[in-house]
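Colleague: Hi! Could you walk me through this model?

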Amino acid sequence: MTASSVDADALLRCADEPIAVPGAVQPHGVLLAATEPDLAVVVASGNAEAVLGRTGGTLDQYLTDVDAARLREALDGDLTEVNPLRVQVRGAEVDLVLHRADGLLITEWEPVAGAEEAGAAWHTRLPTVLQRLAASATLDELSEVLARDVRTLTGFDRVMVYRFDEAWNGEVIAEDRRADLEPFLGLWFPASDIPAQARALYTSNWMRIIPDAGYQRVPLDPPVNPLTGRSLDLSGAMLRSVSPVHLEYLANMGVVSSMSVSLIDRGKLWGLLSCHHYAGPHRPSYPDRVAAEFLGRTASLLLHTKVAAGETDGVVEVARRTAELTAAVGRTPRALGTALTGNDPSVLDLLPATGAAVRLGGQLLLLGTTPPADRVVPLVRALLESGTTATDAVSTVVPGASDLATTASGVLAVPVGGEDFLAWFRPETLREVTWGGNPYQSKTAQTDDGPRLSPRRSFAAWSETVRATSRPWRDHEIAAAHTLAGHLAEATLNRVEEDNRLAGALQRTLLLEELPKVPGVALAARYRPSQDDVVGGDWYDLVPLPSGRLSIVLGDVAGHGLAAAAVTAQLRHALRAHLLRAEGPAAALDGLNEVIGALLPGEMATVVVAELDPETGEVVVASAGHLPVLHAGADGAEYVMEGRGPALGVLDAPSYRETRLRLADDGRLLLFTDGLVERSAAGLAAGLDALRDSVAAGPAEPQQLLDAVLDALNPPSTDDVTLLGVART
């Protein structure tokens, strides 16, 4: 869905507007930028003397001795933990907010007088509000609770929850408003209302407020940062003056005061909590604004869960069909086309679609209603070459496909290998969309600097029929397509006998047939599968790096059997790629966690990576939920407890850490999976103690050491057991 018809030059100027460095602030506070540690004021807003009684000098001179001491103490810690610092200036209370930017200490002084406060009574109810957010069963319920409670807290006339679509158009999905105001619920607003650079700023700065949209901007003096010679970066400043276009937009809506809180889902701007006031200027207190931001951040953490809850039925059905198709592929390794198109379910049944295409070994098979056969391959190739997997408006990605709207407005395509692919098609779905004003009425105004965007003046409901757009593809549908394509790629590369083809192919991806020969390093590995499964979740890898270092990897995927092995194979290959290009083990684990979140939702695994420099003996260790590495030497054996983080798939962005140690000439490392030390009777702690004692007393040569450990611990055969031994030679 699109809604842009304004002058291209004006749009370009709007996109390039330096909103992060406006050179001015709003007048409801004062901005002083100072150097450290002398706290000399080098940039000041033009209202400093009128509000604070002076300008220039040092920050100490604006404060009482007690407050100056509190300020200096605060500068030694985390500034976010002390904001706001309540100080006295000229006998009046002022909220002092601190952050650093462009090599300067940025201080913002906001008088407490004139701010509206919800009062202590509301803040004592904050736990109840948080419980309501957490207890909401659906996205609609979460949004309604958020809008209602933020309006109660801040006193704005209207509070809306505004959700972006893939094209950055926004829909009002929840609203709490003054009774006499016309409803905005269900209205759409075009992407041009919030330009890309504004969305980028919203992603890094969660809170924005304009107490009086009719304000006169207060310039900074000097207008540039004396340290850099460039305009001072105000992207993190609450007083930052906003774009004149945005102020004109608010005026056209009749909005006198506004505030917004970003809603961010796993690092991406998902929507906004938008607050409007019409009765006059309105400035909630700084603590109330922080509370509103806190509610927005809390809701952001819940977004993924609530959105997924609304798709549960579809997710379960797609997962069931994925399993059935995967099983069919496993049963008929030499007739994959028939497995996907000649059975029930077929590849067309995997996702809600009207047509599907399977290209294997250069042969194209079509099901349902699709574009003409001679158009399918060029269409899918153009889509994949553009870097797009799924689109609900294919003509915006492949302009030459505009005539295919009746069969393929929506296309989801995933490569299988080489020129082969799987693809699904959806026809256009005519939709009646109600906009907040005609989005095509934005005009351009000529200025001395050239044309600039002038926002529309009417926001009355305006409807249009949207064409050439299909039902959007959901994340779990895209993930299912990738999963099936992954299984299919494995099947096409490993055509062995039907009863052991898939197990054998996956087994070879888990275990190295031969350990690499690395000068200066002795290596040994042992793998014992459980008695119940031929293929398990344990895996290891040894990856020589271009730098001459060696990455030693050991992992364990939750579960057993072919399903766990399929996940394991994907993780092993993905981690290899990340290790070869990442800056260390921790960065590689961060990348692997992204793979799980994007392609394997719901899966969980533990992995430990030890990167060894054979020449110096330096070892860098990073762990994702795995049992600790055991480091042994002449003085005994100890577990490496640092550099450990959560298992893969548990958090969206865990940011793994590393620890370093040195492997002496007589030292050795042991990496192992839980099957070695978990004993139902004695427990994990006893198993770890026994392993440490065995390694401390065992031989230094890795092959002999692993044999000695297995003999001493005699692990049960109910789980996979994998060990890696490393020593320097």
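Modeller: Happy to; we can go through strands, a pocket, salt bridges and a surface patch. This is a predicted model, where local features need pLDDT of at least 70, side-chain atom pairs count only at pLDDT 80 or more, and totals for chains, interfaces and linings use all residues. Residues are numbered from 1 along each chain as its sequence is written, and side-chain values use heavy atoms, with hydrogens and water left out.

Colleague: Which residue in strand 8 is opposite Met-160?

Modeller: That's Glu-175. Over in strand 13, His-276 is the bridge partner of Arg-158.

Colleague: What about the hairpin of strand 7 and strand 8: how many residues sit between the strands?

Modeller: Five, and Trp-168 in this hairpin takes a positive phi near 70°.

Colleague: New topic! What is the volume of the second largest pocket?

Modeller: About 670 Å³. Among its 24 lining residues, the closest to the centre are Asn-83, Val-97, Asn-205, Tyr-286 and Glu-293. On a 1 Å grid over the protein atoms alone, a pocket is an open set of points where a 1.4 Å probe fits, with protein on both sides within 12 Å along at least five of seven lines; lining residues have an atom within 4 Å of a point. Grid points are joined across faces, edges and corners, and the volume is the space filled by probe spheres set on the points.

Colleague: Which element gives the most to that lining?

Modeller: Helix 10, with six residues. The elements giving two or more residues are helix 4 (79-82), strand 5 (92-101), strand 10 (207-210) and helix 10 (286-309).

Colleague: On to charges: how many salt bridges does the structure hold?

Modeller: There are 31. A salt bridge is a side-chain nitrogen of Lys or Arg within 4 Å of a carboxyl oxygen of Asp or Glu. One of them joins Asp-176 and Arg-151 (3.1 Å, N to O). That pair links distant parts of the chain, with Asp-176 in strand 8 and Arg-151 in helix 7 (residues 139-154), 25 residues apart.

Colleague: Are Arg-549 and Glu-618 buried or exposed?

Modeller: Arg-549 counts as buried because its relative accessible area is 17%, and Glu-618 is buried too, at 19%. Their side chains meet in a salt bridge (2.7 Å, N to O).

Colleague: Last one: which residues make the nonpolar surface patch?

Modeller: Met-604, Val-650 and Leu-651 make that patch of about 260 Å². Patches use residues with over 30% relative accessible area and no salt bridge, joining like charges within 9 Å and nonpolar side chains (Val, Leu, Ile, Met, Phe, Trp, Tyr) within 5 Å. Accessible areas come from the Shrake-Rupley method with a 1.4 Å probe; for residues, only the protein chains shown count as cover. Leu-651 lies in the loop between strand 30 (644-645) and strand 31 (659-662).

Technical notes. Helices (H or I, at least four residues) and strands (E, at least two) are DSSP runs, numbered from the N terminus. Two strands pair if DSSP finds at least two bridges between them. Buried means under 20% relative accessible area, exposed over 50%, partly exposed in between (1.4 Å probe, protein chains only).
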